Amino acid sequence: EAAATISACRAALCAGGDTRWIAEAERAFAWFLGANDLGLALAEPETGGCRDGLHPDRANENQGGESVLSFLLGLVEIRQLARATKQRLKSESLRTQRASAPAGTISPSRTH
């Protein structure tokens, strides 16, 4: 299941720090948006709805609670990954700036 894969990728990233798990989580989330065997979007981001799955030739039109929750939980985790990645990049950039600057030229500053 896509949402469980996203959770597993997030856990792997947190445990080991290997950033390839971000791409794998994004790939799993893309399944909801149409990167699946039929190329059909199952999720409706505008409404928060999500179809129950794929038939061999079409999407299942049912939107049961489990599917909706699966999509929404996956969405939350993808957003958390994006936020964490942005914070990590910002921290790495600041460390790089401090490491490459002559002593005393970079003072801590507040960001807004």
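A crossing of two helices is called left-handed if the near helix is turned anticlockwise from the far one by less than a right angle. In this predicted model, α2 passes α3 in a left-handed crossing.

**Helices α2 and α3**

The axes of α2 and α3 cross at roughly 150° and come within 10 Å. Angles over 145 degrees count as roughly antiparallel, so α2 is roughly antiparallel to α3. Which residues meet where these two helices pass? From α2 the residues are Ile 22, Ala 25, Glu 26, Phe 29 and Phe 32. Their partners in α3 are Ser 70, Phe 71, Gly 74, Leu 75, Ile 78, Leu 81 and Thr 85.

| Helix | Number of residues | Span | Expected span at 1.5 Å a residue |
|---|---|---|---|
| α1 | 15 residues | 21 Å | 21 Å |
| α3 | 36 residues | 52 Å | 52 Å |

For α1, the span is close to the expected value, and the span of α3 is likewise close to what is expected.

**The buried part of α3**

Helix α3 covers residues 65-100. Its buried residues are Ser 67, Val 68, Ser 70, Phe 71, Gly 74, Glu 77, Ile 78 and Leu 81.

Ser 67, one of the residues in α3, can be taken as an example. Is Ser 67 buried or exposed? Its relative accessible area is 14%. Buried means under 20%, so Ser 67 counts as buried. Leaving aside neighbours within four places in sequence, Ser 67 is in contact with Cys 50, Arg 51 and Asp 52.

In α1 the buried residues are Ala 2, Ala 3, Ile 6, Cys 9 and Leu 13. Why do they line one face of the helix? Seen down the axis of α1, the buried residues fall within an arc of 120°, so they line one face. These buried residues pack against α2 and α3. On the other side of α1, Ala 15 and Gly 16 are exposed. Just after α1 comes Gly 17, which takes a positive phi of about 80°.

Notes
Residues are numbered from 1 along each chain as its sequence is written. This is a predicted model: local features need pLDDT of at least 70, side-chain atom pairs count only at pLDDT 80 or more; totals for chains, interfaces and linings use all residues. Side-chain values use heavy atoms; hydrogens and water are left out. Helices (H or I, at least four residues) and strands (E, at least two) are DSSP runs, numbered from the N terminus. The expected span of a helix is 1.5 Å times one less than its number of residues. Buried means under 20% relative accessible area, exposed over 50%, partly exposed in between (1.4 Å probe, protein chains only). The arc is that of the directions from the helix axis to the C-beta atoms. Contact means heavy atoms within 4.5 Å. Axes are lines fitted to C-alpha atoms, for helices over the stretch in contact, and angles run from 0 to 180 degrees between N-to-C directions. Angles under 35 degrees count as roughly parallel, over 145 as roughly antiparallel, 65 to 115 as roughly perpendicular and the rest as oblique.
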